[in-house]
Amino acid sequence: MQWEVVIGLEIHVQLATKSKIFSGASTAYGAEPNTQACAVDMGLPGVLPVFNGEALRKSVMFGLAIDAQINERSVFDRKNYFYPDSPKAYQISQLYYPVVGKGSIDIDLEDGSTKCIGVTRAHMEEDAGKSLHEDFHGQTGIDLNRAGTPLLEIVSEPDMRSAKEAVAYMRKIHSIVRYLGVSDGNMQEGSFRCDANVSLRPKGQEEFGTRTELKNINSFRFVEKAINVEIERQMDILESGGTITQETRLYDADRNETRSMRSKEEANDYRYFPDPDLLPIVISQEEIEQIRSTLPELPDAKCKRFVTQLGLSEKDARALTSDREMADYFEQVQQSIDDAKMAANWLLGEVSARLNKNALEIKDSPVNAEALTGLLRRIKDNTISGKIAKDVFEAMWEEGGDAHSIIESKGLKQITDTSAIEAIIDEVIAANPSQVEEFKSGKDKLIGFFVGQVMKASKGKANPGQVNQILQKKLKS
Amino acid sequence: MSTLDKSDVEKIAFLARLGIDEQDIPEYAANLSNILDMVEQLNSVDTDNVKPMAHPLDGVQRLRPDEVTETNDRENLMAHAPETEAGLFLVPRVVE
């Protein structure tokens, strides 16, 4: 049978606020356990949440960026469940009235086409703490530093039809939140996490099949692998006449398989109700418009501009704009050297290759935009050839320093271009007719004079060996 | 008229992680059913034109500026914990 894959994603984005969503504790990553968890985060008796306005502002920014409906009034609800990393025994979330309503984004597919994916909603909520299961003599250690970190949960429509589309969607959301600066999107640190709902249905059938939820897949690569391995698992079951159990499954990257997460099957019953500790969140149309005015140019618009204004290919423009820092780096270089093609070639070639090889992000590149500009200028003014520039780039990457001093110290500055040297020699010969006569009449030693003149004229950049050779040829002709 | 039976009460108690005595279940079932009846009564009112109320106070949430105001008070805050190690709360092992 022909099966159609149906995928919807829930993406949890940590909002880049300094303090937590309901307390004044720091959200900085990597602190000693429980040193950034205050009485509110620990759910101690008598505490009250006070809402961080920046979490609202950042959520609204995201909503505006995906053309979503912004709800002027949203409400926090309690989601009740017991787990030790959630000390209040409920999570403050938004079920009935989320801050961001329906929106959509265009994803870029491999064949160059785009597809519109619906975003059902996005709501604010608090993150839970962390459970550490190792090394505690059969007990579990709880670190509540992360508890209360603001999250925006972005829920997609079940619009994706392959693992590749799911990854493209995730990448696009990642790109948008990073452009907006609403999240650092750091997946290693858990700032950007993804759950995937996956189901299959016979092609042509409208009704959805039973879905499973893949929890917490934290890299683009794993999302694709996890979904594909889950599709295969479901297909095997359905092909052999079985049925899918609706459940939560965990992806095991080492074994490349998914497995059921819950030992006991129990329907979740979170008993949501409006949190009486928090009043409705209200934002006016004027405030929304004010936030809209702060939106930066987004990846799609930037990509379009790079194509139409700078004449880049769609493919290059895409590659340069998916990451804001890459785009900013490119623009800085491009504006300085006024050569979009050269800047793009270097960024997508030499720079990207080095970054990939060293698993670095553009912001951590040892060669920054200013340094690269310095190098490309030397190519443009013919100080060095493109080939030598690659050597200079390597030296800049490995040892630091600017292009100028490297060209200088490594003696790369010389002119090796024969016609350039010939031109200088011709000038020197033309300017010194009497010495030429003397040389031709046998005063061989005068070659030294000519070499000196040429070197002087080329400001020492001409290759002396070549100068000598060409001079001999020209003077003796 | 909604009536909760024994298994409903047991499920609710499980969700709320409450230990209840077998002998009390009929009484809980009756009391909880009464509460549901009251809610049923509310359901009979036509609320089509009433804006949903999220909070009895007719107010709007005050927004806090995004500033870190709390400092590390771990020692104090964890003093009441029955067991700790390396700055972590220790709890019975929970692995899904």
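User: What makes the link between the side chains of A:Asn71 and A:Gln69 a polar contact?

Analyst: In this predicted model, the side chains of A:Asn71 and A:Gln69 are joined at 2.5 Å. A polar contact is a pair of N or O atoms within 3.5 Å; within protein, one must be able to donate a hydrogen and the other to accept it, and residues adjacent in sequence count only if both atoms are side-chain atoms. The value of 2.5 Å is therefore within the limit of 3.5 Å.

User: Why is A:Asn71 called buried?

Analyst: Its relative accessible area is 16%. Buried means under 20%, exposed over 50%, and partly exposed in between (1.4 Å probe, protein chains only), so A:Asn71 counts as buried at 16%. A:Asn71 lies in the loop between helix H1 (53–65) and strand S2 (73–74) of chain A. Helices (H or I, at least four residues) and strands (E, at least two) are DSSP runs, numbered from the N terminus.

User: Which residues does A:Asn71 touch, not counting residues up to four places away in sequence?

Analyst: They are A:Pro98, A:Val99, A:Val100, A:Gly101 and A:Ile283. Contact means heavy atoms within 4.5 Å.

User: What is the phi of A:Ala89, and why is A:Ala89 called buried?

Analyst: Phi of A:Ala89 is near 70 degrees, a positive value in a residue other than glycine. A:Ala89 sits in the loop between strand S3 (77–80) and strand S4 (90–93) of chain A. Its relative accessible area is 18%, so A:Ala89 is buried.

User: How do you know that A:Lys172 is buried, and what does A:Lys172 touch?

Analyst: A:Lys172 has a relative accessible area of 7%, so it counts as buried. A:Lys172 belongs to helix H2 (residues 163–180) of chain A. Leaving out residues up to four places away in sequence, A:Lys172 touches A:Ile105, A:Asp106, A:Ile107, A:Asp108, A:Asp300 and A:Arg318.

User: Why is H2(A) called roughly perpendicular to H5(A)?

Analyst: The axes of H2(A) and helix H5 (residues 299–308) of chain A come within 10 Å and cross at roughly 90 degrees. That angle makes H2(A) roughly perpendicular to H5(A). Angles under 35 degrees count as roughly parallel, over 145 as roughly antiparallel, 65 to 115 as roughly perpendicular and the rest as oblique. Axes are lines fitted to C-alpha atoms, for helices over the stretch in contact, and angles run from 0 to 180 degrees between N-to-C directions. In H2(A), A:Lys172, A:Ser175, A:Ile176 and A:Tyr179 meet A:Pro299, A:Asp300 and A:Lys302 of H5(A).

User: How much area do chain A and chain B bury between them?

Analyst: They bury about 4200 Å², with 58% of it on carbon and sulfur atoms. Buried area is the accessible area (1.4 Å probe) that two parts lose on being put together, summed over both. In this interface, 57 residues of chain A are in contact with 40 residues of chain B.

User: How are residues and chains labelled, and which parts of the model count?

Analyst: Residues are numbered from 1 along each chain as its sequence is written, while chains are lettered from A and ligands numbered from 1 in the order in which they are written. Local features need pLDDT of at least 70 and side-chain atom pairs count only at pLDDT 80 or more, while totals for chains, interfaces and linings use all residues; side-chain values use heavy atoms, with hydrogens and water left out.
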